[in-house]
Amino acid sequence: MCQADIDALLPRQLPALLAIARSYASKSFPPHTVVSMPALSPTMTSGNIGTWQKAAGDTIAPGDVLVEIETDKAQMDFEFQEDGVLAKILKDSGEKDVAVGNPIAVMVEEGTDIAPFESFTLDDAGGEKAPPQKESTEEAADSSEPADTGSETAPSTLPKNAPKEESRPEPQESESTGGRLQTSLEREPSASPSAKALALELGVPIKQVKGTGPGGRIKKQDIEKYKPTSSAAPAASSAPTYEDIPASSMRKTIANRLQQSMNQNPHYFVAATVSVSKLLKLRQALNSSADGQYKLSVNDFMIKAAAVACKKVPAVNSSWREIDGQIIIRQHNTVDVSVAVATPIGLMTPIVRGVEGLGLSSISAQVKDLGKRARDGKLKPEEYQGGTFTISNMGMNAAIDRFTAVINPPQAGILAVGTTKKVAVPSSTEDGNGVEWDDQVVVTGSFDHKVVDGAVGGEWIREFKKVVENPLEMLL
């Protein structure tokens with residue numbers, strides 16, 4: 001393939017082509033192509049090797065899935081874009097933090113003998129480099145927005161070799177061991193080597209043995225004569241009482257982004273109790289007449305109502321950004337709602353775009369599709385990056401009356417939806433005063449005070465409450 005061909009294919013095959021080293025012959029190996037770890041998102045610097053879909057000796061056609069790769073937000077398929085035969089796998093399934101550009105496999109043309117590649121090593125492929133160390137805010141930002149959005153939360157676009165503002169003297173490492181001083185009771189008692197060995201063999205707590213040697217030194221005979229007293233506490237079990245679980249790339253990203261959001265975005269919260277009795281009746285009527293074509297959920301109505309409120313109070317459908325040193329508030333013309341989805345590896349927020357122009361059935365279909373692929377780890381970066389407002393619904397958990405949610409930067413607002421409760425409300429009847437049962441939900445809006453003033457947040461909640469309690473407006 002010539003350079004012109006590669007330039008023509010770059011826009012649509014960039015990840016795959018960046019993962020292919022040029023064919024060459026080294027040592028006694030036939031001509032081959034080294035496949036390296038691809039960059040499957042704009043800011044990906046390393047990834048974990050998932051399941052290999054091809055084995056050594058398998059033929060590969062353009063578009064075939066070669067291997068599953070775990071990025072910081074999803075498990076993604078690496079689709080190869082060249083014909084060939086997989087000669088050797090250099091990174092097995094389960095390998096962690098493989099840097100982008102590091103060799104992971106070797107390809108050869110069809111008809112090439114792959115037997116010589118059994119001894120092929122990473123050194124034969126040019127070696128590997130260590131994954132780059134990223135700043136915590138830079139690592140966090142790639143899960144929600146591209147690098148070129150201009151937001152404070154977006155990854156920095158400055159070159160890594162840019163000059164520092166000032167040079168600082170190198171800190172000198174202390175020669176101290178870092179340990180605290182021990183009291184005489186904590187120090188290991190003086191004992192002969194043979195006494196220590198025997199105590200270890202017999203399970204004798206050497207600190208409880210009284211030595212008879214010079215200066216209280218414990219001798220072998222002291223260990224042999226030791227008898228535990230009835231008041232002596234039993235020896236503590238050596239088995240650990242905890243389990244250390246390594247944090248996944250996604251868990252690290254979630255932790256960094258939530259910490260960053262709370263530190264940089266001054267949150268305030270506005271709560272309201274909303275009647276959903278009419279909404280539930282409308283939902284039941286629409287589902288009954290759907291003939292199985294769709295099945296609307298309460299969350300579908302909430303997503304649509306949030307879009308209506310964002311159009312009526314556009315200040316909430318905005319974000320705080322810094323572009324070329326200038327602070328701006330970007331007000332979005334479309335409402336792209338990020339929907340929080342719990343997955344086995346952490347929280348994801350796939351996006352339903354242009355909700356203001358979608359019907360309830362379209363919203364329902366997209367939410368179901370995005371939710372399934374989020375739980376399967378099959379979302380593309382553009383499907384979870386760039387929303388303008390977020391909804392987090394825990395209504396399926398009957399124990400959750402209400403909760404508050406953390407803003408997903410650079411967005412300026414997120415709505416937390418609790419479960420539906422039947423509440424007795426006063427009513428007037430011909431027989432006098434009485435009560436009626438009303439289905440109610442408590443919703444809590446979290447807003448970024450840099451972008452949304454308190455009164456504006458309150459206005460948004462009022463518009464949301466109005467459309468939910470009069471759900472026919474969603475159909476207009």
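Four strands make up an open sheet, running in the order β1-β8-β6-β3 with antiparallel pairing (strands are DSSP runs of E with at least two residues, helices are runs of H or I with at least four, and both are numbered from the N terminus; two strands pair if DSSP finds at least two bridges between them). The model is a predicted one, so to speak of local features takes a pLDDT of at least 70, and side-chain atom pairs count only at pLDDT 80 or more, while totals for chains, interfaces and linings use all residues. Residues are numbered from 1 along each chain as its sequence is written, and side-chain values use heavy atoms, with hydrogens and water left out.

At the edges of the sheet sit β1 (33-36) and β3 (59-60), each pairing on one side only. β3 joins β6 (residues 84-89) through two bridges in the antiparallel sense, and here T59 stands opposite V85.

Strand β8 (residues 103-108) holds A105. With 0% relative accessibility, A105 counts as buried (buried is under 20% relative accessible area, exposed is over 50%, and partly exposed is in between, using a 1.4 Å probe and protein chains only). Leaving out residues up to four places away in sequence, A105 touches T33, V34, V35, W52, L86, K88, I89 and L90, where a contact means heavy atoms within 4.5 Å. One of these, I89, is 16 residues from A105 in sequence, yet their C-alpha atoms are 4.4 Å apart.

Now for the nonpolar core, meaning a set of buried Ala, Val, Leu, Ile, Met, Phe, Trp, Tyr and Cys residues joined through side-chain atoms within 4.5 Å. The largest one has 72 residues, and I391, L415, W460, F464 and V468 have the most contacts inside it. Helix α7 (residues 298-312) gives the largest share of this core, with nine residues. As for L415, its contacts beyond four places in sequence include F389, I391, V443, W460, I461 and F464.

Helix α9 (residues 454-469) has 16 residues and spans 23 Å from first C-alpha to last, close to the 22 Å expected at 1.5 Å a residue (that is, 1.5 Å times one less than the number of residues). Its buried residues are G457, W460, I461, E463, F464, V467 and V468. They lie on the same side of α9 because they cover an arc of only 160° around the axis, judged by the directions from the helix axis to the C-beta atoms. On the other side of α9, A455 and R462 are exposed. The cover over the buried residues of α9 includes β9 (267-275), α6 (277-288), α7, β16 (389-393), β17 (413-417) and β19 (432-448).
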